[in-house]
Amino acid sequence: QVQLVESGGGLVQAGGSLRLSCAASGSIFNINTMGWYRQPPGKQRELVATITNSGSTNYADSVKGRFTISRDNAKKTVYLQMNSLKPEDTAVYLCNAGVDTPFRRTYDYWGQGTQVTVSS
């Protein structure tokens with residue numbers, strides 16, 4: 001079994017910054033792409049950013065230039081640095097990882113989510 005635990009959410013004023021972390025633990029042989037998604041109130045889940053195990057990144061247009069995704073493979077952790085936050089960034093942020101188990105099976109895992117609220 002694999003667990004993803006997010007931290008770093010909270011309440012911040014518009015223009016402020018937050019840094020989210022997501023640590024993976026459990027029966028892990030290798031972690032492939034890791035990413036952050038978000039679900040605003042009353043809306044569907046949407047991609048925020050992804051990063052491959054070689055460091056290639058992809059961002060939603062709405063966060064380009066403001067958010068930065070990074071990872072520490074040794075710590076099995078992915079980060080999301082969020083700057084210049086806007087009220088429309090308010091959402092539950094969820095971590096995602098594609099994990100190869102020691103039995104060479106690949107599964108998609110999700111964290112429980114962390115709330116980010118940006119006040120105007």
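Biologist: Which cysteine does a disulfide join to cysteine 22?

Modeller: This is a predicted model, in which local features need pLDDT of at least 70, side-chain atom pairs count only at pLDDT 80 or more, and totals for chains, interfaces and linings use all residues. Residues are numbered from 1 along each chain as its sequence is written, and side-chain values use heavy atoms, with hydrogens and water left out. A disulfide is a pair of cysteine sulfur atoms within 2.5 Å. With an S to S distance of 2.1 Å, the partner of cysteine 22 is cysteine 95.

Biologist: How many residues apart in sequence are the parts that this pair ties together?

Modeller: Strands are DSSP runs (E, at least two residues), numbered from the N terminus. Cysteine 22 belongs to strand 3 and cysteine 95 to strand 9, so the parts tied together are separated in sequence by 73 residues.

Biologist: Is cysteine 95 buried or exposed?

Modeller: Buried means under 20% relative accessible area, exposed over 50%, and partly exposed in between (1.4 Å probe, protein chains only). The relative accessibility of cysteine 95 is 0%, so this residue is buried.

Biologist: Which strands stand at the edges of the open sheet of four strands?

Modeller: Two strands pair if DSSP finds at least two bridges between them. The sheet has the order 1-3-8-7, with antiparallel pairing. One side of each edge strand is left without a neighbour in the sheet, because each has a single partner strand; these are strand 1 and strand 7.

Biologist: Which residue in strand 8 stands opposite serine 70?

Modeller: Strand 7 and strand 8 are paired in the antiparallel sense over six bridges. In strand 8, the residue opposite serine 70 is tyrosine 79.

Biologist: With which residues is serine 120 in contact, leaving aside its neighbours within four places in sequence?

Modeller: Serine 120 lies in the segment after strand 11. Its relative accessibility is 88%, so serine 120 counts as exposed. Contact means heavy atoms within 4.5 Å, and the residues that serine 120 contacts, its neighbours within four places in sequence aside, are Ala14 and Pro87.
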